[in-house]
Amino acid sequence: MPCLTGISILYQCRPEGGQGDVHPIYDAAIAWTGDRIAWVGPAAQLPAAFRDGPAFDAGGRTVIPGLIDCHTHLAFAGWRAEEFEQKLKGASYLEIARAGGGIVSTVRKTREAPAEALVTRCLDHLGRMLALGVTTVEAKSGYGLDLANELKLLEVYRDVASRCTQRLVPTLLAAHTTPPEYKDRRADYVRLVIDEIIPAAARAGLARFCDVFVEETAFSIDDARAIFAAGRRLGLVPKLHADQITDTGGAALAAEVGAVSADHLERSTDSGLRAMAGAGVVAVTLPLASLYLNQPPVQARRLRESGVRVAVATDFNPGSAPSYDLPLALMLACTLQRMTPAEALKGATAWAAHAIGEGAEVGSLLPGRRADLVLLEAESVEQWLYHYRPNCCAAVVAGGQAVVGALSPA
Ligand SMILES: [Zn+2]
């Protein structure tokens, strides 16, 4: 049974207490058997039974749970760097769309891309995310926007899940935007999602969650209600993109439909956030998107006052957040959203796990949970997110195996 000692601080991040409660254990030890944690606590109390197996020394480093990116749009073809430049020169969203850019250009390229090419790209991204300490990733479809291509993306995720180190949690986001061939016929596209795409994805067991982009420029509250009802009937749990650009009542809808999470929330009302807290919906904040879009980020003070549990994710996508750097998102959660480093850590571990229905498996260093942990070259979580460096991750253990760096023998 492997055992790691020499840990100056281990943050357990138990799924309880407030946002900033990350349950540090000083001079800690952790032991695991197979892919499961067997024991965690102060090294001085390590039971003799756990001293028999291979012993490793963390060299005084900090240990946190494997990080969880609970909101990504991982599978897409091409990039949109030219659009980035146009935006910086002042082009509006509409001007970019008229010039053939925007989300529709990613949809076109993604439809044209062979599945194997998308698998290769996803594996490349995931390898880089793993090096940053990210051991669980939620991944949305949403650049296919027709039956064949939405299924293609979910099948890409099934293939990727069998080949990557991370746990990959797939979400159907057929209601990302209305595809060009349904221009001015949104209701017909919503019918396609309800009558064909959701049943096909659910029948094939390709998705856990059903996500809808609820926004004036995307789908209405009524569209979302109908889509979620169709998903629920077939076992897909609701999740939504809510109140990013305008307040459309997405937060309240998340509470009404029992969504596992509502994401973005930059424009949500206090009453909407309180309703989410009451219904146990996790608030997923996406500070990289706020930064790239130069929009006012959601403020931690308002989230705190509502009592909602807060997660932090990257929103990795080629338009509004072309970065999979979750530690960077955590630093921005501090500087832009005014979260403390401990609050941000809880948001990428315990509460991120709850945002994807994985709270019993990952996100906390507790006996019985998966042995996913990260050794940080930082003396505390405060130092990690304050003295931001390209990568502080010295080693990553996923499912009990050292998958990045090596563990030093004790
Ligand atoms: Zn998103």
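The entries below follow the order in which I looked things up.

**Entry 1, the model.** I note at the outset that this is a predicted model, and I read every value below as computed from it.

I began with helix α12, residues 326-335, and asked how many of its residues are buried. I found that 8 of the 10 are, so the helix is largely enclosed by the rest of the structure. The buried residues I listed are Leu-326, Pro-327, Ala-329, Leu-330, Met-331, Leu-332, Ala-333 and Cys-334. I then looked up what covers them, and the elements include the strands β6 (67-69), β7 (134-140) and β13 (310-312), together with the helices α10 (287-293), α13 (341-347) and α15 (381-386). At the start of α12 I also noted that a side-chain oxygen of Asp-325 comes to within 2.9 Å of the backbone nitrogen of Leu-328.

I counted 27 salt bridges and looked at several of them one by one. I checked accessibility for both partners, and Asp-211 is buried at a relative accessible area of 1%, while Lys-140 is buried at 0%.

I next took the bridge between Lys-89 and Glu-85, where the closest N and O atoms are 3.1 Å apart. Here I found Lys-89 exposed, with a relative accessible area of 68%, and Glu-85 partly exposed, at 43%.

In helix α7 I looked up Asp-222 and Arg-225, which are 3 residues apart, about one turn of the helix, and form a salt bridge with 3.0 Å between the closest N and O atoms. An α-helix has 3.6 residues a turn, so residues three or four places apart point the same way. Asp-222 counts as exposed at 56% relative accessibility, whereas Arg-225 is partly exposed at 33%.

I also recorded a network of salt bridges that links Asp-35, Arg-36, Arg-167, Arg-208, Glu-358 and Glu-361.

I found 9 aromatic pairs in the structure. The one I examined is that of Phe-76 and Tyr-143, whose ring centres are 6.2 Å apart and whose planes stand at 70°, so the pair is edge-to-face. This pair links distant parts of the chain, with Phe-76 in the loop between β6 and α1 (81-88) and Tyr-143 in the loop between β7 and α5 (147-163), 67 residues apart. Both Phe-76 and Tyr-143 are buried, and ring pairs join Phe-76, Trp-79, Tyr-143, Phe-316 and Tyr-324 into a cluster.

Last, I looked for charged ends over ring faces. I found the charged end of Lys-239 over the ring of Phe-209, 5.4 Å from its centre, and Arg-309 over the face of Trp-351, at 5.2 Å from the ring centre.

Terms used:
Residues numbered from 1 in each chain as written. Predicted model: local features only at pLDDT ≥ 70, side-chain atom pairs only at ≥ 80, totals over all residues. Heavy atoms only, no water. Buried < 20%, exposed > 50% of the residue type's maximum accessible area, 1.4 Å probe, protein only. Helix = DSSP H or I, 4+ residues; strand = E, 2+ residues; numbered from the N terminus. Contact = heavy atoms within 4.5 Å. Polar contact = N/O pair within 3.5 Å; in protein donor to acceptor, adjacent residues only side chain to side chain. Salt bridge = Lys/Arg side-chain N within 4 Å of Asp/Glu carboxyl O. Phe/Tyr/Trp six-rings, centres within 6.5 Å; stacked < 30°, edge-to-face > 60°. Lys NZ or Arg CZ within 6 Å of the ring centre and 35° of its normal.
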